[in-house]
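This report covers strand pairing, nonpolar cores and the chain contact, in that order. Keep the structure open while reading.

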Amino acid sequence: MSDGIIRLKFDILPNDMSAAGEASSGVKKVLNQLGVEPQKIKKAAIAMYEAEINAVIHGGGGIAEVVIDKEYIEVKIRDEGPGIADIELAMQEGYSTASDEIREMGFGAGMGLPNMKRYSDKLVIESEVGKGTTVTIVVNL
Amino acid sequence: MFDVETYFHSVRLDEERCKGCTNCIKRCPTEAIRVRKGKARIIDERCIDCGECIRVCPYHAKKAITDPCDIISLYKYKVVIPAPSIYGQFKNAASRNHILTALKAIGFDEVYEVARAAEIVTNATKELISASASIKPYISSACPAVVRLIQVRFPSLIDNIIKLESPMEVAARIVKKRIEAELNIPQEDIGVFFISPCAAKATSVKAPYETDKSFVDGVISIKDIFLKVLNGLGRVKRPEELEQAGLDGIRWANSGGESLALGTDKFLAVDGIHNVITILEEIENDRIEDVDFIEALACTGGCLGGPLTVENVYVAKTRLKKFIDQARDKDFSKHGQGGDDALMWTGNVEYKPVMKLDKDFTKAMKKLEILETINKDLPGLDCGACGAPSCRALAEDIVRGSAIETDCIFKLREKVRELAVQMMELETKMPPVLDCERKKGK
């Protein structure tokens, strides 16, 4: 501690859609306490929420690590799910591999990754089939 | 009228009645209450006047500041504008005209239904929604507690708020201007009094955000005027023809009523402050699709569930239904004038960063870091015994300098035990001059 950087860690539970969003909600609260501009909080919250949902739906849960510095907020969401075979394809709007059950719940419309890209200033997706996926979202403050 | 203060809000504490229990601190949606010195204290700048604490307090120690009924004697010409929720309060009322006649008989010169003004606001809202597709979804500003909640907790949604005057404000302005013109009475001699189901409306009049000064001169709670109307009701033999609103207007008292009046399917109606928070979170996360309009009301069941009403919200709903059916047969709503630009707010709501830990970002970071460390070390039981609503709130109070770690009874106990262990240890140590068992050289 005491390097002027804030680090937060959240567990993302597998298959629990009702708990999904708790991590991004917690981060939102923290950013509010720091007095970060509302529109930037919104960007970070939406991008993180989408990544969180993905980790629940596809990744079998995972962990979210959040770093808040003076200039930026970085959200790293890691899962040990099946991984993404073709990242470019996955980035396309409307492309989805979600099951029918998930779609019936109103998720899995293929907007997750495109939304993450839209709301973040930097997005890095590292994935290996069979090993898992790490999504890194950066929003400049 | 009531006192002017920097952060005016209507919800207050009755010191005598407060036992210092933790019921209210746990229910407050903005964590605005702490128990100190055996009494609940409201942090003024955080209070949104939702009235949740009034409802939950078992000792009735939370009250709302409204005006007494005799305030009307201060004005020459007296007009009463009742909220639609008044219609759900009386068991034996045959029609709205009966209720309005009894209400007028208390000492008013005129009655104008806020429900009628609600229809005007509905028309303006329809135009606004169809004119602009850039903002989605629009959030109704009908409930002032929700507007204030957005200011404090959901600043990114401020742009989504419909900046149209409330039916109360529209009603007051219409009657005042008309009486001034038709009866040639100066505005300062006309007193317009709102009969209110809630504390938040009283705040809207005293500290309005939509305009500089409200056209309403006093806010009387339904609770305070209830018995007077009830007594009068029995004496109403031939009611006056006072009702002007159609079913669209009076339905506003119910959750979902404002939405139904808009005639669109693309609405979402949510009531109860904690449910409202959930939905606002969803909107912030971009999760609400295909919805143009959000009706969000702080009280469960809508205004009929207001903390200053008399009748149980579900009973009141059934009663209101009768009047909705009556209004359906009459159907006044057709003759309404359209929305006009004058309904737009002249003022605006701003982000109130009351949750901010420090004005300086670097200092806020530092405080947050300490906050997180303290929080990790607290038991996480959220028992409330420290006077804060949760362990995290206590950690926040500590970094803000308004609490100390040993306010936590578990922390205190830990400290006491450590001290006891140390004392036991010290007790075994004897000074050398008294210690017979001490061996040489030790």
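## Strand pairing

Strand β3 (residues 72-79) of chain A runs antiparallel to β5(A), with eight bridges between them. Within that pairing, A:I77 sits opposite A:V135 of β5(A). Two strands pair if DSSP finds at least two bridges between them.

Strand β4 (residues 122-128) of chain A also pairs with β5(A) in the antiparallel sense, over seven bridges. A:S127 has A:T133 of β5(A) as its bridge partner. Three residues separate the strands in the hairpin of β4(A) and β5(A), and there A:G130 takes a positive phi near 90°.

## A buried strand

Why is strand β5 of chain A largely enclosed by the rest of the structure? Eight of the nine residues of this strand (residues 132-140) are buried, so the rest of the structure largely encloses it. Buried means under 20% relative accessible area, exposed over 50%, and partly exposed in between (1.4 Å probe, protein chains only).

## Nonpolar cores

The largest nonpolar core has 56 residues, and A:L31, A:L34, A:I68 and A:I73 touch the most other members. Helix α2 (residues 38-57) of chain A gives the most to this core: eleven residues. A nonpolar core is a set of buried Ala, Val, Leu, Ile, Met, Phe, Trp, Tyr and Cys residues joined through side-chain atoms within 4.5 Å.

Leaving out residues up to four places away in sequence, A:I73 touches A:V27, A:L31, A:A44, A:V66, A:V67, A:I68, A:I137, A:V138, A:V139 and A:L141. Another core lies apart, with 37 residues, among them B:Y87, B:F108, B:A115 and B:F226.

## The chain contact

Chain A puts 31 residues into the contact and chain B 26 residues. Contact means heavy atoms within 4.5 Å. Together the chains bury about 2600 Å², 52% of it on carbon and sulfur atoms. Buried area is the accessible area (1.4 Å probe) lost when two parts are put together, summed over both. In chain A, A:N32, A:Q33 and A:L34 lose the most area to chain B, together 25% of what that side buries.

Three salt bridges cross the interface of chain A and chain B. In one, B:E281 pairs with A:K28, the closest N and O atoms being 2.9 Å apart. A salt bridge is a side-chain nitrogen of Lys or Arg within 4 Å of a carboxyl oxygen of Asp or Glu. α1(A) gives the most to the side of chain A that touches chain B, with eight residues.

## Basis

This is a predicted model: local features need pLDDT of at least 70, side-chain atom pairs count only at pLDDT 80 or more, and totals for chains, interfaces and linings use all residues. Residues are numbered from 1 along each chain as its sequence is written, chains are lettered from A and ligands numbered from 1 in the order written, and side-chain values use heavy atoms, leaving out hydrogens and water.

Notes
Helices (H or I, at least four residues) and strands (E, at least two) are DSSP runs, numbered from the N terminus.
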